Amino acid sequence: MDFIDSIESYCTTDKVAHIYRNSNLTYKELKTKSDSIAANIIDLFGEDNTPIIVFGHKDHLMLISFLACVKSGHSYIPVDSSTPITRLKDILFISGAKLIINISDNLIDIQADITLNKSDIEEHLIQYENKIPDISYRLKGDDVYYIIYPSGSTGKPKGE
């Protein structure tokens, strides 16, 4: 059983998967919302498995987006919303990411192929409600699930 199957084994219950501020996200919500976003990503990119930047801070949608990326066959690059925009641009350029999922409340002015802001994500959750992504897209085994970009000694982001 891989970790997605492990997470989804709880999806029939109302067990809490994530707590943020005064809000709870259940495993059932985590599954259905990540499925919706994953189906949307697959429609946008098909077999293209370039990494996806997820920009935000601890919100439920961060966790949902991480799982959606993995379900759609993409590594995710978590970038905290406190990160300067110049650094985010460097990460975008170095990683070759084509999609930024912006969970922050701030609109960002970066030239990615596609930027989905929080309001876009909310709309896509409705549009893709009850869509289940094809499991053949999922990352598995030794695939790279996430990439971290520390600054290192040069001050420039380097994916690890």
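**Pocket and helix packing**

The largest pocket has a volume of about 190 Å³. The model is predicted: local features need pLDDT of at least 70, side-chain atom pairs count only at pLDDT 80 or more, and totals for chains, interfaces and linings use all residues. Residues are numbered from 1 along each chain as its sequence is written, and side-chain values use heavy atoms, with hydrogens and water left out.

A pocket is an open set of points on a 1 Å grid over the protein atoms alone, where a 1.4 Å probe fits, with protein on both sides within 12 Å along at least five of seven lines; lining residues have an atom within 4 Å of a point. Among the residues lining the largest pocket are Glu 29, Lys 33, Leu 125 and Lys 131. Helix 2 (27-45) and helix 5 (118-127) each supply at least two lining residues, and helix 2 gives the most, with six. Helices here are DSSP runs (H or I, at least four residues) numbered from the N terminus.

Helix 2 also packs against helix 3 (residues 60-71), at an angle of about 50° and with the axes 8 Å apart. Axes are lines fitted to C-alpha atoms over the stretch in contact, and angles run from 0 to 180 degrees between N-to-C directions. The contact (heavy atoms within 4.5 Å) includes Lys 31, Lys 33 and Asp 35 of helix 2 and Leu 63, Ile 64 and Lys 71 of helix 3.

How values were computed: Points joined across faces, edges and corners; volume = space filled by probe spheres on them.
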